[in-house]
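Me: I am new to this structure. Please walk me through how to read it.

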Amino acid sequence: MSTSNNIAQARKLVEQLRIEAGFERIKVSKAAADLMSYCEQHARSDPLLVGVPTSENPFKDKKPCIIL
Amino acid sequence: MGEMEQLRKEAESLKDDITAARKAVQDLTLQDHVAGTAVVGRVQLKTRKTLRGHLAKIYAMHWGTDSKLCVSASQDGKLIVWDSYSTNKVHAIPLKSSWVMTCSYAPSGNMVACGGLDNMCSIYNLKAKDGNVKVMRELAAHTGYLSCCRFLSDSEIITSSGDCTCLLWDIETGTEKTVFAGHLGDCMSLGVAPDFNTFISGACDFTAKLWDIRDGQCRQTFGGHESDINAIGFFPNGNAVITGSDDASCKLYDLRSDQELITFQDSSIMCGVTSLAPSLSGRLLLAGYDDFNCNIWDTLKAERVGVLSGHDNRVSCIGVTPDGMACCTGSWDSFLKIWN
């Protein structure tokens, strides 16, 4: 019967919300600091951020040699 | 008071508790924290390769772990495995159903998977002894379209579906191990955490959910978007989740503080986000849009620092190589482009 279905769904939702409400949250200041710190630590090895020297770029165009 | 009414009240009360708990840890915003940081300089990436060969819209692409091979899926009914360095096609796999919406490359490089309106996830063995690529398994159980799939290993794969659920499969037996139910709308996209213990899903109920892979439990739910979430991915350290939506914005949600930290939007952008990928350090966020472009955002400052334009139709998929060397965009114009 659809009423008992609705109640079952409502019970599940409450159960799920209880789990989510019980989550232990850290302070945003700590979360933000860690995000920033990760970016800083890895910036120098991020090719899209710092650029790729042509000699090390596996995708660079290999121009054919022209024999004059 | 009837039980239904009681449950409704309890749900509302718990939602208020969650909102209050999130606010209680908001001692500082991300914006405050990065106020002293400069925006990254203008990022100008060039198309290095164009992968030509598909005859219709490309819907999905996924890099192999070697950062060289990648797989793409098109509604021309083919999966193509490309050597992106040479642009050669390593495999061109004809599909039973051309209505494909997703593809995935196994971390081992031994298999690829795809699926779509056939509601199934088909697994292909690339390393069969006779050299022919053929279907290894057809994973059928979803009652809606397959929107996304990601291998955990050669023996397990996670799928998301228009039937509002995600499934963890045992590839060997071809059966479902775990159902992840809870979304109230089509699941559109999924991403696996770097440590493979959890995964995230984005759906048409405007929320993103974090799931424990082993016990099937939804641990966290993130709202805030005003329309369908089409794309989702983890920030490289696994502590944050980035979503892209039809509401024209991307959002970054921090997992440990359980809340949205930043929104990536601009009044000049009025079309939906189709796909996204962070750069290796996480400092750049590349996002594909319905307006044929891909915007590059400074993840910490939420400012646009670059644009990839070159496609003649919607950018439907984007992926950054595991080694961070390049990004690949796939489009409805039937081409894939490699940029760095």
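Reply: What follows takes a sheet, a record entry, an interface and salt bridges in turn.

Reply: This is a predicted model: local features need pLDDT of at least 70, side-chain atom pairs count only at pLDDT 80 or more, and totals for chains, interfaces and linings use all residues. Residues are numbered from 1 along each chain as its sequence is written, chains are lettered from A and ligands numbered from 1 in the order written, and side-chain values use heavy atoms, without hydrogens and water.

Me: In what order do the strands of the open sheet in chain B run?

Reply: Strands of a sheet pair through backbone hydrogen bonds, either parallel or antiparallel. Here the order is 2-3-4-5, with antiparallel pairing. Strands (E, at least two residues) and helices (H or I, at least four) are DSSP runs, numbered from the N terminus. Two strands pair if DSSP finds at least two bridges between them.

Me: Which strands of chain B stand at the edges?

Reply: Strand 2 (58-63) and strand 5 (88-94) of chain B do. Each has a single partner strand, so one side of each is left without a neighbour in the sheet.

Me: How many bridges join strand 3 and strand 4 of chain B?

Reply: Strand 3 (residues 69-74) and strand 4 (residues 78-83) of chain B pair over 6 bridges, in the antiparallel sense. S72(B) has I80(B) in strand 4 as its bridge partner.

Me: What does UniProt list for residues 4-31 of chain B?

Reply: An unreviewed UniProt entry lists "coiled-coil region" there. UniProt positions use the numbering here, feature names are shortened, and annotations may be inferred rather than shown by experiment. In the model, residues 4-31 of chain B are 82% helix and 0% strand. The end C-alpha atoms are 42 Å apart.

Me: What area is buried between chain A and chain B?

Reply: The size of an interface is often given as the accessible area lost when the parts come together. Here it is about 4500 Å² (1.4 Å probe, summed over both parts). Carbon and sulfur atoms give 70% of that area. In contact (heavy atoms within 4.5 Å) are 41 residues of chain A and 64 residues of chain B.

Me: How many salt bridges cross the interface of chain A and chain B?

Reply: Side chains of opposite charge can pair when their charged atoms come close. The rule (a side-chain nitrogen of Lys or Arg within 4 Å of a carboxyl oxygen of Asp or Glu) finds 4 across this interface. D258(B) forms a salt bridge with R25(A), the closest N and O atoms being 2.9 Å apart.

Terms used: Buried area = accessible area lost by both parts, 1.4 Å probe.
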